[in-house]
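Hi,

Here is the structure I promised to pass on.

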Amino acid sequence: MEGFNTKKFYPLRPIQRWLVDTHFNKAKSTMMNIGALLKLSKSIDMNHLAKSINYVLNNHDIFRCRFVFHPETSDLCQIFDGEITPITVEYISDEEFSERIDKLREPYRIINKPLWRIYLFQTPTSKYMFADFYHAVMDGVSSSYLFWREVDAAYRGRKKKIAPASYAAYVEEELNISPEELAEGHTYWKNMLAHFDKEKHLPPVNVHGVAAWTQGNFEYVFKKIFNEFFRRTRINEDKFFLAATMIALAKITGTKEALMSHVNNGRTTMSEKRLMGLMLEQIPCAWDFHEDLTVGEFLSKLAGQIYTGEKYRKSLDLVYNDGLEDDCVSFIFQKNIYTSLILNDTPVEIVYLPPNEISAVENALDVEINIEDDGRYSLYLDYDASRYSEKEMENFAVTLDEVLKKMQNVDTPVSKILD
């Protein structure tokens, strides 16, 4: 790809730095790996797929990204001139593949190394692709949507008509934002997070003696809410589930307060929507429920707070650099994108890879809500098992389900839900 800056050292963006610093707490873990093992249709031409993937890799500077220490300052920074080793097909037996599965997920050695891994396997009976990316350079939108869409297009012979956006240029653009432009946002975030206390704003710890950052997972299908409610009311799903999570958190902690972060995909312009790389932001949101509101009033005022937060997202460097929300509950709502991967009009199956001894959790508690194809909603809790038991996570899920049921009458006072 022409136009790459092959000499410049770029600083890590604040969220990149934050994720790397978080990973240093468990450097030998896979806590920052995002990816999947995919079983492909037998009709897929694996050599043609390799060429298609190589075309996409060479078309975006994020895949040339390397984290290095600056030769003069020794600061951790990034360059965008790394070599891309072409992807090839590995022809192995089914037995060899079974042995290989357990070794696919490995911790990243992040200094001057590729920050992604892609393997293609063909056995006598099946065809597979394993794609894994370091979270500090790729987010879910990039890895599961943009990357996959471009691989599929390349496989079909459709070349991009628009030059791809440069992540290096995006980093440089952010560097040119003036301190004066960021100052108002810094004040806003500092005021919001001034009183955060993990003893108050996280579920009470009920586990001791377990190694820090041990990964726990809990899944739950909501029984009290379905997609029909949102079709009928036109209420925004994302904001409704965020509001419910905040109420459930305030109820469980007994504080009538909630302070957590809302994962936003960080893409607002057309250029950003096409940009391959890490774009998401974890935007803090907070509420004091001592002033009573109806559910409808809360939803309206929370929407205003979210709008303001998105307006000040470029000032989140203060939040990330100071670690002001390291222990916040993190919330994300997304469509179930993993059920609809298609390659050249053939379905792609996600092969489940269970956590292993080098797995670790990124945050104290991640709350992920997905809408399934049948209109139901699933809750995925990724939690620090050194703090919480599975029973406590089950209680969180059931409490949230009850909150969702009561919130469907938007005239209900929030105080009645918290009682």
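**What I found**

Asp152 has a relative accessibility of 13%, so Asp152 counts as buried (under 20% relative accessible area is buried, over 50% exposed and in between partly exposed, with a 1.4 Å probe and protein chains only). Asp152 belongs to helix α4 (residues 140-155); helices here are DSSP runs of H or I with at least four residues, strands are runs of E with at least two, and both are numbered from the N terminus. Setting aside neighbours within four places in sequence, Asp152 is in contact with Ile342, Leu343 and Asn344, where contact means heavy atoms within 4.5 Å.

Before the rest, some housekeeping. This is a predicted model, in which local features need pLDDT of at least 70 and side-chain atom pairs count only at pLDDT 80 or more, while totals for chains, interfaces and linings use all residues. Residues are numbered from 1 along each chain as its sequence is written, and side-chain values use heavy atoms, with hydrogens and water left out.

What about β11 (residues 329-335): how many of its seven residues are buried? Five are, so β11 is largely enclosed by the rest of the structure. β11 runs parallel to β9 (residues 257-264), joined by three bridges, with Ser261 opposite Ser330. β11 also pairs with β15 (residues 365-371), again in the parallel sense, over six bridges, and there Phe333 stands opposite Ile369. β15 and β16 (residues 377-384) are antiparallel, with seven bridges, and Glu368 has Tyr380 in β16 as its bridge partner.

The axes of α6 (residues 179-193) and α11 (residues 295-311) come within 10 Å and cross at roughly 130°. The two helices are therefore oblique to each other (under 35 degrees is roughly parallel, over 145 roughly antiparallel, 65 to 115 roughly perpendicular and the rest oblique). In this pair Tyr188, Trp189 and Met192 of α6 meet Gln305, Thr308 and Gly309 of α11.

**Phe396 and its helix**

Phe396 is in helix α13 (residues 390-407) and, at 1% relative accessibility, counts as buried. Not counting residues up to four places away in sequence, Phe396 touches Thr245, Leu249, Ile252, Leu365, Val367 and Leu381.

α13 packs against α9 (residues 237-253) at an angle of about 125°, with the axes 9 Å apart. That makes α9 oblique to α13. Among the residues making this contact are Phe240, Phe241 and Ala244 of α9, and Phe396, Leu400 and Val403 of α13.

**The five-stranded sheet**

The other sheet I looked at is open too, with five strands in the order β5-β6-β7-β2-β14 and mixed pairing. Its edge strands, β5 (89-91) and β14 (349-351), each pair on one side only. β2 (residues 33-40) and β7 (residues 127-134) are antiparallel over eight bridges, and Ile34 stands opposite Phe133 in β7. Helix α3 (residues 94-101) packs on the sheet, where α3 touches β2, β5, β6 (116-122) and β7; its direction makes about 160° with that of β6.

**Cores**

The largest nonpolar core has 77 residues, with Phe67 and Phe147 having the most contacts inside it. A nonpolar core is a set of buried Ala, Val, Leu, Ile, Met, Phe, Trp, Tyr and Cys residues joined through side-chain atoms within 4.5 Å. A second, separate core has 53 residues, including Leu302, Val367, Leu381 and Leu418.

Cheers

Technical notes
Pairing = 2+ DSSP bridges. Axes fitted to C-alpha atoms, helices over the stretch in contact; angles between N-to-C directions.
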